[in-house]
Amino acid sequence: MTVGATVRGVRARAVLAPLDPPVQTASGEVPNAPLVLVDVTTSDDVVGHAYLFCYTPTVLPALTSLVTELGAAVVGTPAAPRAVEADLRARLRLLRPQGLATMAIAGIDMACWDALARRVALPLVRLLGAEPRPVRAYGSLRSMAPDDVRAEATGLARLGFGAYKVKVGAAGLARDREVIAALREAVGPDAEIAVDYNQTLPVPEAIRRVHSLADEHLLWVEEPTRADDAAGHARIRAAVSTPIQLGESWWGADEMAAGLRADAGDHAMLDVARIGGITGWLRAAPLAHAAGRPVSSHFWPEVSAALLAVTPGAFLLEYLDVAAGVLRRPARVVDGAVVLPDEPGSGVDWDEDAVDRHRA
Ligand SMILES: [Mg+2]
């Protein structure tokens, strides 16, 4: 290892990774995952990897281009992740990075951390100061229709999860109960169940439904109303007994801090790309813990497992692997927990044949 390596290059490639089963949403099925694959090469020939899931292929060219352009700006600078992240944020300060700009910075940041871990021949979790250990996870369902939920949950149950999450809100309260019943039937009476409304309900309707579902003893209800309505979530939280889960939509530690000040939720779930990469997670997660919110993760099971292993007040990892179709070693679940690989890096490595097949 060369002390003080610099960034030699940043490459971004767009792929449409197959999703099996597809993800069902209130607005239709998503058959594949639009991903930007980020590779950061250092001056001592180490390559760090990360991927960004951008929800819709419409923004794939824009995000790929942003990663390429921002990457070009840090070529020749020290390959230290915190230095790269600070440099990129400073370059976009007047834009006030959010959305795709934050994601692009996060992708480069995660790839820089992966490169650093590989350079010092440590798993990311060891680089961050912890031992690899199983990280407790929940099975996050892609399906919303009751029959599909039953079938998918039966498969997930073989991985030994103690908790599951399903999306509801596609229709009325009766349908929500039907979906929860289908999941319960598949995973048994002892498993914990959380539900996600994906921001679909107006505040009064959210209060009515969550109140009605009290007899389901749900682990949490996620984003019942618009994610940017912290005051609305605070009203819902004050009116119901079921814990409210928020956080996947926070762009950075500052927005998270505002959500915590508004008393908008009982739990915090961080999305490593939206919160600002590994550097952003390390900045944000302790704030949630200090505010008494158990910290869970959103997507990105490989990197999130290492981060939860070093997060005070860590609760549950969301197991929903949208990148498995292009990864050499997708996250491995044993007895309901993600097992961290004891190999150098973050665990993200491309199956190059699959990448070639699914280039966008
Ligand atoms: Mg969610």
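Which residues does Ile108 touch, not counting residues up to four places away in sequence? The close-ups below start there. This is a predicted model, in which local features need pLDDT of at least 70, side-chain atom pairs count only at pLDDT 80 or more, and totals for chains, interfaces and linings use all residues. Residues are numbered from 1 along each chain as its sequence is written.

**View A. Surroundings of Ile108.** Ile108 touches Val10, Val38, Val40, Val67, Leu70, Gly71, Val84 and Leu88. Residues up to four places away in sequence are left out of that list. Contact means C-beta atoms, placed from the backbone, within 7 Å.

**View B. The largest nonpolar core.** This core holds 114 residues. Val36, Val38, Ile108, Tyr164 and Val272 have the most contacts inside it. Helix α3 (residues 99-119) supplies the largest share, 12 residues. Domain 1 (7-122 + 352-357) and domain 2 (126-339) each give at least three residues to this core. A nonpolar core is a set of buried Ala, Val, Leu, Ile, Met, Phe, Trp, Tyr and Cys residues joined through C-beta atoms within 7 Å. Buried means that 20 or more other C-beta atoms lie within 10 Å of the residue's own. Helices are DSSP runs (H or I, at least four residues), and strands are E runs of at least two, numbered from the N terminus.

**View C. Helix α1 (residues 60-73) against α3.** The two axes come within 9 Å and cross at roughly 55 degrees. Axes are lines fitted to C-alpha atoms over the stretch in contact, with angles from 0 to 180 degrees between N-to-C directions. From α1, the contact uses Ala62, Leu63, Leu66, Val67, Leu70 and Gly71. From α3, it uses Leu100, Ala101, Met103, Ala104, Ile105, Gly107 and Ile108.

**View D. Helix α2 against α3.** Here the axes lie 9 Å apart, at an angle of about 165 degrees. That makes α2 roughly antiparallel to α3. Pro81, Val84, Glu85, Leu88 and Arg89 of α2 meet Ile105, Ile108, Asp109, Cys112, Trp113 and Leu116 of α3.

**View E. Domain 1 facing domain 2.** Domain bounds come from an automatic or database domain assignment. The domain centres, taken over C-alpha atoms, are 23 Å apart. In the interface, 33 residues of domain 1 contact 28 residues of domain 2. On the domain 1 side, β1 (7-25), β2 (28-42), β3 (47-53), α2 (81-91), α3 and α12 (352-357) each supply at least two residues. α3 gives the most to that side, with 11 residues.

Conventions
A residue is buried if 20 or more other C-beta atoms lie within 10 Å of its own, exposed if 12 or fewer, and partly exposed in between; C-beta atoms are placed from the backbone. Two residues are in contact if their C-beta atoms, placed from the backbone, lie within 7 Å. Angles under 35 degrees count as roughly parallel, over 145 as roughly antiparallel, 65 to 115 as roughly perpendicular and the rest as oblique.
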